[in-house]
Amino acid sequence: MAVELLRRAGINAHACADYAELLAGLDGAGVVVVAEEGLVGQPQEQLARWVEEQPPWSDLPFVMLTSQVVHERVAAWRQRQIERLGNVSLVERPLQPLTLVSVVRSALRARGRQLEVQSLLEAREAAAAGLEAKVEQRTAQLHQANDRLREEMERREHIEASLRHAQKMEALGQLTGGVAHDFNNLLMVISAGLEMLERSDEPERRKRFMGAMRQASDRGASLTRQLLTFSRRHAVHAATASLPALLGNMGELLDRSLRGDVDVDVRLAPDLWPVHVDAGEFEIAILNLAVNARDAMNGSGRITIHADNVVERGVDGEQEMVRLVVRDTGSGMSEEVKARVFEPFFTTKDVGKGSGLGLAQVYGFAQQSGGRVEIDSAPGRGTAITLLLPRSPHPLPDGQVARTVVAGPEAPPSRCVLLVEDDVEVASLVQEMLRAIGCDVVHAMSARAALGALANGRHIDLVFSDVMMPGGTSGIELAREVRRRRPGLPILLTSGFSDPVGPQAQALDIAVLRKPYALDDLREAVHQQLGAAPSA
C-alpha cells in the first residue's frame, strides 16, 4: 500500500521482499523507507559497513517507521539504529498518507542535492585533471622551447659568421656571368698567340705575341687570386688604405659584375685622404652598390662613383671624412622602400634575384668602419648612396697605386675590318690575326666609337664586334644601327658569353664566332662575310 501511495504521488518506489533484497538495492536507492520491525533481529553489520563506506559526498537518507511502543530497551535500540544509519528520519505510525509522501519527497530532495555535489566534485576533479594535463603539456612545451632556444643560441655565432660568408658568395655569384667571358678572352689571347708564333719567324712579332700571352696569363692569375680572396672566410681586419688604389684594384671585379652594358664613371678627387677600412669588406660594399645600381637600371645606364674630402662640424668638434658617392640613373626608391632598405633580407627584387643582404652589408661595413651611410633617392630620378668614412690618422702603406689602361692604335684603311673590342689585349692580338689573313684594321673600344668611325666616311669592308661592350650598347644593338646606316656592310659578331645571343643574331642574319677561336676559324668567318657582300 505504501508503494502504491508513493507511485500515485509520482515517486518511483519498490518494495523489498526481505532484508537481503534491501541490502542489494542500496546502491541505486534515493531514499530507504523501512519499518523498524523489518530491522529487528537482522544482522546489521553489512548495512552499517555500507553506510560507513559511502563516498564523502553521499549520505543516503533513511526513513524509519516506528511504533507507539515506549520502552527503555526499544528506545535504546532505536538510538543504536540512528547512530548506525546516520541520516535517519523517524516517523511514528499511524501516519497520514500526505505525511509519508512529504517526508519521502524531502528526503529525495536532500539526496538530489548530494548528487549535484557529486557532479560538481566530479567536474572539479575532471577540470583539475585537465588543468594538470595542460600544465604538464605546457611544461613540456616550455622545456622544448627552452631546448630550441639553447640550440639557437649555440648556433647564433656560427649563423652570424655564415651570414657574412653567404653574402660574400652572393656577391661572388654576381661575377660568374662575366668570368667565363673574361677567361675566354684570356684563352683567346694565349691560344691564338701560340698559333701566330708557329706561323711567324719575325722576332719583333714573336716578341709581341709572347708579351700578349704573358699579360693574358698574368691577368688570369690575378683574376683567380682576386676571386679566391674575395670568397674566402676571414675575420674583419681594418687597415689604412687608399680609396683610388682599392677602386682601381677591383676594376676587373666590377667589369665582371656589370658586364659591358653599364657605363661606370669614376671621379676621384686627387688629394683624397686615406681611410681605415677592411679592404675585403670595402670591395663587397662597392660591388653590392654597383650590382644594385645595375639592377635598378635594368642592366643599362650610367653609374657614377665620386669621392672627395669633407670636414663635418658637430657638437664634438670637427671631423675629417672621406665621402664616397655611388649614383645611378635607375628607377629610384619610394619613401617606404627607403625606410627599410638597410634591413637584412628586405628586398624588392623577384624571388631568386636577391637575398636582401647587399645594402645591409653596406650599412654594417659603414658602422664597423666608424662611419655612416646615407641614401638620397626618389621615384624616377635615380639613387645616390653615400659612404662617409673617417680619415685614417696613419700614413698609407707603400704600393697602393691604381692601374690604368691605354687604348691601342688604329690601322690605316685598305681592305679594312672595323674591330670593336673593349679588351685591349684581345684587340691587340686579333688585330695581328686579321693582318695575318690580309686585312687592315681600325680598332674601336666601344659601339659609340665604332659608329663614329663609320660616320666620318671611312672605307670599311667588315664590322667585327664583340657582343658585350661598355657604354650601354651591345654588339647586337650596334649591328642594328650599322644595318640602318650602311645596309650592305657585312657584320661578324664574337662572344665569350654563354648567353643565348644566337637567336638575336640569327634574326638579323649575322654570324657569331665563339671565343676562343683559332686563326683558321677567323679566316674562314671573315672570308665568308667579305665574300657575301661588296665593300661599303
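What volume does the largest cavity have? I will come to that at the end, after a walk through the rest of the structure.

First, some ground rules. This is a predicted model, in which local features need pLDDT of at least 70 and side-chain atom pairs count only at pLDDT 80 or more, while totals for chains, interfaces and linings use all residues. Residues are numbered from 1 along each chain as its sequence is written, and side-chain values use heavy atoms, with hydrogens and water left out.

The protein has 18 helices and 15 strands, where helices (H or I, at least four residues) and strands (E, at least two) are DSSP runs numbered from the N terminus. Of its 536 residues, 43% are buried, and here buried means under 20% relative accessible area, with exposed over 50% and partly exposed in between, using a 1.4 Å probe and protein chains only. Among the contacts with a separation of 6 or more, 76% are between residues 24 or more positions apart, a contact being heavy atoms within 4.5 Å.

Let us begin with an open sheet of three strands, which has the order 1-2-3 and parallel pairing; two strands pair if DSSP finds at least two bridges between them. Its edge strands, strand 1 (32–35) and strand 3 (88–92), each pair on one side only, and the twist from one strand to the next averages 25°. Strand 2, residues 62–66, is joined to strand 3 by five bridges in the parallel sense, and one of the residues involved is L65, whose bridge partner in strand 3 is V91. Across strand 2 and strand 3 lies helix 5 (residues 72–85), running at about 145° to strand 3; axes are lines fitted to C-alpha atoms, for helices over the stretch in contact, and angles run from 0 to 180 degrees between N-to-C directions.

Further along, strand 11 (residues 416–420) and strand 12 run parallel and are joined by five bridges, with C416 standing opposite D440 in strand 12. Between them the chain passes through helix 14 (residues 424–436), and this β-α-β crossover is right-handed, which means that, with the strands pointing away from the viewer, the path from the first strand over the helix to the second runs clockwise. Strand 12, residues 440–444, is mostly covered, since four of its five residues are buried.

Why does A241 count as buried? A241 does so because its relative accessibility is 5%.

On a 1 Å grid over the protein atoms alone, a cavity is a set of points where a 1.4 Å probe fits but cannot get out, whereas a pocket is an open set with protein on both sides within 12 Å along at least five of seven lines, and lining residues have an atom within 4 Å of a point. Grid points are joined across faces, edges and corners, and a volume is the space filled by probe spheres set on the points.

The second largest pocket holds about 1000 Å³ of space and is lined by 36 residues, with V3, H14, A15, C16 and V33 nearest its centre. Helix 1 gives the most to that lining, with six residues.

Finally, the opening question: the largest cavity has a volume of about 40 Å³. Its lining includes L419, V430 and F464, and strand 13 gives the most to this lining, with three residues.
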